[in-house]
Amino acid sequence: MTIEVRIPTILRTYTDGQKAVEGKGETLAGLLDDLDGRHPGLRGRLVTEDGALHRFVNVYVNDEDVRFLGGLETALKDGDSVTVLPAVAGGAR
Amino acid sequence: MLTLPREMVDAIVAHARRDHPDECCGVIAGKDGVATRVFAMENAERSPTGFTFDSAEWLRVYRAIDDADEDLLVVYHSHTATEAYPSRTDIRWSVNTPGASWLLVSTREPDVDEVRSYRIEDGEVTEEEIRIT
């Protein structure tokens, strides 16, 4: 099983500068655990200590925001594509 | 210094006025420091005091910029009742867009256009001049 994960520029310090890495997992959570083994620290930028998806990132599976799918429990299959982007927000408040 | 064509500045102010009283948001893509195109985006929060890039739209915009070998030159948004100056929230989120200027429009006055731009690095805000061509 192989899943391609595209990494935004600001997180490429965790992937030796690579813009895409490969991993495997039955769920997004499993995939991130798998990636953390080869790219230490990456998971920590995507998942909080409470085990929730970090609000500073958007994660997409086949171009769909996982917040509208199953979050970290989103099921994955071979050939799926995962994209990580920095979230952008702000405002006067 | 940020150099922008008059039409881009006008488009951004028009966007801010259109979305008022909610904050508007968007980006300007650039190549080698030269602004190429504006992406007026959807504020998923639809709030007068905050904005969030719609996640599906952000993926499309991010890819369009990347595919064209352009960079994120500017992140812009509006403040609807306060000055065109980065808030603490803006400063916190700016770490996600390193290298991009943060441009603010204030729509607090109906007949005064306040448009200002900033570099934010390590939590420090430095205003930059906007040169309009």
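In this predicted model, helix H1(B) has 14 residues, which at 1.5 Å a residue should span 20 Å; the C-alpha atoms at its ends lie 20 Å apart, so expectation and model agree. The helix belongs to chain B, whose secondary structure comprises three helices and nine strands.

**Helix H1 of chain B**

- The buried residues of H1(B) are Val9(B), Ile12(B), His15(B), Ala16(B) and Asp19(B).
- Viewed down the axis of H1(B), these buried residues fall within an arc of 120°, and therefore they line one face of the helix.
- An α-helix has 3.6 residues a turn, so residues three or four places apart point the same way.
- The face of H1(B) turned away from the buried side carries the exposed residues Arg6(B), Glu7(B) and Arg18(B).

**Overall form of chain B**

- Along the sequence, the elements of chain B follow the pattern β-α-β-β-β-α-β-α-β-β-β-β.
- The radius of gyration of chain B is 14 Å, close to the 14 Å that the globule rule gives for 133 residues, so chain B is as compact as a globular protein of that length.
- Taken along the principal axes, the C-alpha atoms of chain B fill a box of roughly 35 × 30 × 30 Å.
- Of the 133 residues in chain B, 38% count as buried.
- Among the contacts in chain B between residues at least 6 apart in sequence, 64% join residues at least 24 apart.

**The sheet of chain B**

- Chain B contains an open sheet of six strands, in the order S3-S2-S5-S6-S7-S8, with mixed pairing.
- Strand S3 (34-41) and strand S8 (124-128) of chain B stand at the edges with a single partner strand each, so one side of each has no neighbour in the sheet.
- From one strand to the next, the twist averages 30°.
- Strands of a sheet pair through backbone hydrogen bonds, either parallel or antiparallel.
- Strand S2 (residues 25-31) of chain B pairs with strand S5 (residues 71-79) of chain B in the antiparallel sense, over six bridges; Ile28(B) stands opposite Val74(B) in S5(B).
- Helix H1 (residues 6-19) of chain B packs on the sheet and touches S2, S3, S5, strand S6 (101-106) and strand S7 (114-121) of chain B. The direction of H1(B) makes about 15° with that of S3(B).
- Helix H2 (residues 55-67) of chain B also packs on the sheet, touching S2, S3 and S5 of chain B. The direction of H2(B) makes about 165° with that of S3(B).
- S5(B) and S6(B) run parallel and are joined by six bridges; Ser78(B) stands opposite Val105(B) in S6(B).
- Eight of the nine residues of S5(B) are buried, so this strand is largely enclosed by the rest of the structure.

**The contact between chains A and B**

- Chain B contributes 24 residues to the contact, and chain A contributes 16 residues.
- On the side of chain B that touches chain A, the elements giving two or more residues are strand S4 (51-52), H2, S5 and helix H3 (88-93) of chain B.
- H2(B) gives the most to this side, with five residues.

**Thr80 of chain B**

- Thr80(B) lies in the loop between S5 and H3 of chain B.
- Thr80(B) has 20 C-beta neighbours inside 10 Å and therefore counts as buried, since a residue is buried if 20 or more other C-beta atoms lie within 10 Å of its own.
- Leaving aside neighbours within four places in sequence, Thr80(B) is in contact with His20(B), Pro21(B), Glu23(B), Pro48(B), Thr107(B) and Arg108(B).
- Thr80(B) and Arg108(B) are 28 residues apart along the chain, but their C-alpha atoms are separated by 5.0 Å.

**Strand S1 of chain A**

- Strand S1 (residues 3-6) of chain A has a covered face, formed by Ile3(A) and Val5(A), and an uncovered face, formed by Glu4(A) and Arg6(A).
- S1(A) runs antiparallel to strand S2 (residues 20-23) of chain A, to which four bridges join it; in this pair, Arg6(A) stands opposite Ala20(A) in S2(A).
- S1(A) runs parallel to strand S5 (residues 81-86) of chain A, to which three bridges join it; here Arg6(A) stands opposite Thr83(A) in S5(A).

How values were computed: Residues are numbered from 1 along each chain as its sequence is written. Chains are lettered from A and ligands numbered from 1 in the order in which they are written. This is a predicted model: local features need pLDDT of at least 70, side-chain atom pairs count only at pLDDT 80 or more; totals for chains, interfaces and linings use all residues. The radius of gyration is taken over C-alpha atoms; the globule rule is 2.2 Å times the number of residues to the power 0.38. A residue is buried if 20 or more other C-beta atoms lie within 10 Å of its own, exposed if 12 or fewer, and partly exposed in between; C-beta atoms are placed from the backbone. Two residues are in contact if their C-beta atoms, placed from the backbone, lie within 7 Å. Two strands pair if DSSP finds at least two bridges between them. Axes are lines fitted to C-alpha atoms, for helices over the stretch in contact, and angles run from 0 to 180 degrees between N-to-C directions. The expected span of a helix is 1.5 Å times one less than its number of residues. The arc is that of the directions from the helix axis to the C-beta atoms.
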